[in-house]
Number of protein chains: 2
Amino acid sequence: MQPERRSFIRDTEENRREALIAATQALVAEGGPQAATVRAIAARAGVTPGLIRHYFGSKDELTRAAYTALVDGMTDKGADALAGVGADPGERLAAFVAASLRPPVVDARAVGLWAGYLHQVQQDAALLAQHERSYLRYRDQLQALIADLDRPDVTTAQLRQEAIACNAVLDGLWLEGSVLPRGFEPGELVRIGLRSISAILGADLTRHTTFIPELHTTPGKAQA
Amino acid sequence: MQPERRSFIRDTEENRREALIAATQALVAEGGPQAATVRAIAARAGVTPGLIRHYFGSKDELTRAAYTALVDGMTDKGADALAGVGADPGERLAAFVAASLRPPVVDARAVGLWAGYLHQVQQDAALLAQHERSYLRYRDQLQALIADLDRPDVTTAQLRQEAIACNAVLDGLWLEGSVLPRGFEPGELVRIGLRSISAILGADLTRHTTFIPELHTTPGKAQA
DNA sequence: CAGATTGTTATACATCTGCATAATCTCCGG
DNA sequence: CCGGAGATTATGCAGATGTATAACAATCTG
């Protein structure tokens, strides 16, 4: 009555790598780096621990791959937010802001994932460079949207500072909304973000937001 | 020639607890929770691992004590920033903002510490409540400073949103400045923070800032 | 259908982790 | 100066962790 050898099916290299990376990210997001052991990762991916070493040379390499996948995905989300929007600069910026302040960007798991990788990023020069690139790309995206606004007399230096400031608003609200999800009414973060950024830029973004549902909900009442 | 038993001196309970808590925080800040093993903590505190169990029932209890010490210290810093400042509301708020955007608040270790505890906080109800209290206390402090400004017709609801927005600016700049310290010139974060919050509140905070050295440095040149 | 390939599992191992307990040494009160 | 108390260290242990290697079987090729 010994447990017989577990049956399996072969899968493509791509599928296996994706499954292992997804499992790693899920575990890091939920329980931190300590929760992402080779055994836990393998179990979550539906395989045995040996496969990690087969597809990635070591657990360390899998970790780096998972982080790379994370920052790449982050960048894509910014572009996705702008996909279905028109050409009006104010509307585009407003859509970008709103997308950055609601799920799945604002989410406890996302912050958990970010926090879980922080130390590894700070200690690994390659990961740090990757993080820096990703951050600046996001900020440049934001800065380009700001530059497109119809405002007179904005210098490059001023533009840079505005981008940093707006990015800080987004980051800060992202942090607070994700860590304390109960602390805010639905849509409140989006409203506050749009108003704050409008104030910082001296341009009213709340005009162009016909397609941002959060702005039309009755405060104090969650929508169905 | 066996290694003889290590000599030691007795110390007060308070000193030992503080040393162990400090060692724990340092290790978590630098290397994450995984780096804070009982052996590493003891070594850093200059004792042997057994003492952890002697002064704290378990490593878990030490961890909670270290987190409690962290949030308590955070709260104090806000009060410290207002200690030597005058009674002018604008000046007080400006001092608070500036103090929140330079070392030791803006510091890689501080973010590392915060990130290291994130998962544990999210999974432990007691720690989560502690975190929530600490966050709201900080924000209320900020809101009180904002309320003291000489502005007409501000409702309570508006005040709350302004406090959330200003807090987000501080958090976001704190995050960016700590994780990418090279990315900003000295004083840049303070300048951007003051300008942004001034814009959000519709009140010029940069007038009252005679005692904020960052505003008088030549951009592009570090001060001695 | 037989054999080769290699993806996948199973097992073993050295190291590390937190914890428990015993052995000591320091310091205080007489 | 001495004895006791308890603070501190030393040692041991069960379980977890990452890794290495061997055994197996799913799929491909002929």
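Mentor: A cavity is a set of points, on a 1 Å grid over the protein atoms alone, where a 1.4 Å probe fits but cannot get out, and its lining residues have an atom within 4 Å of a point; the points are joined across faces, edges and corners, and a volume is the space filled by probe spheres set on them. This is a predicted model, in which local features need pLDDT of at least 70, side-chain atom pairs count only at pLDDT 80 or more, and totals for chains, interfaces and linings use all residues, while side-chain values use heavy atoms, without hydrogens or water. Residues are numbered from 1 along each chain as its sequence is written, and chains are lettered from A and ligands numbered from 1 in the order in which they are written.

Searching the whole structure gives one cavity of 30 Å³ or more, and the largest cavity holds about 70 Å³ of space. Its lining is made of A:V179 from one chain together with B:Y67, B:L70, B:W114, B:Y117, B:L118, B:V121 and B:H131 from the other. Two helices of chain B, α4 (59-81) and α6 (108-123), are the elements that each give two or more residues to this lining (helices are DSSP runs of H or I, at least four residues, numbered from the N terminus). Of these, α6(B) gives the most, with four residues. By class the lining has seven nonpolar residues, one polar and no charged, where Ala, Val, Leu, Ile, Met, Phe, Trp, Tyr, Cys and Pro count as nonpolar, Asp, Glu, Lys and Arg as charged, and the others, Gly among them, as polar.

To place the two chains, chain A can be laid on chain B with an RMSD of 0.1 Å by a turn of 180° and a shift of 0.0 Å along the axis, superposing by least squares on C-alpha atoms of residues with pLDDT of at least 70 in both copies. This is therefore the relation of a two-fold axis, and in chain A the C-alpha nearest that axis belongs to A:G172, at 2.1 Å.

Sugar and phosphate make up 68% of the atoms of DNA strand C that come within 4 Å of the protein. Polar contacts (pairs of N or O atoms within 3.5 Å) include one at 2.5 Å between the side chain of A:Y55 and a phosphate oxygen of DNA strand C, and another at 2.5 Å from a polar side-chain atom of B:K59 to a phosphate oxygen. The side chain of B:R5, in turn, has an N or O atom 3.2 Å from a base nitrogen of DNA strand C. Both chains contribute elements giving two or more residues to this surface, namely α3 (50-55) of chain A and α2 (38-45) of chain B, and α3(A) has the largest share, four residues. Here the residues divide into nine nonpolar, five polar and ten charged, whereas the cavity lining has no charged residues.

Terms used:
Near = heavy atom within 4 Å. Polar contact = N/O pair within 3.5 Å; in protein donor to acceptor, adjacent residues only side chain to side chain. 1 Å grid on protein atoms, 1.4 Å probe; cavity = no way out; pocket = protein on both sides within 12 Å on 5 of 7 lines; lining within 4 Å.
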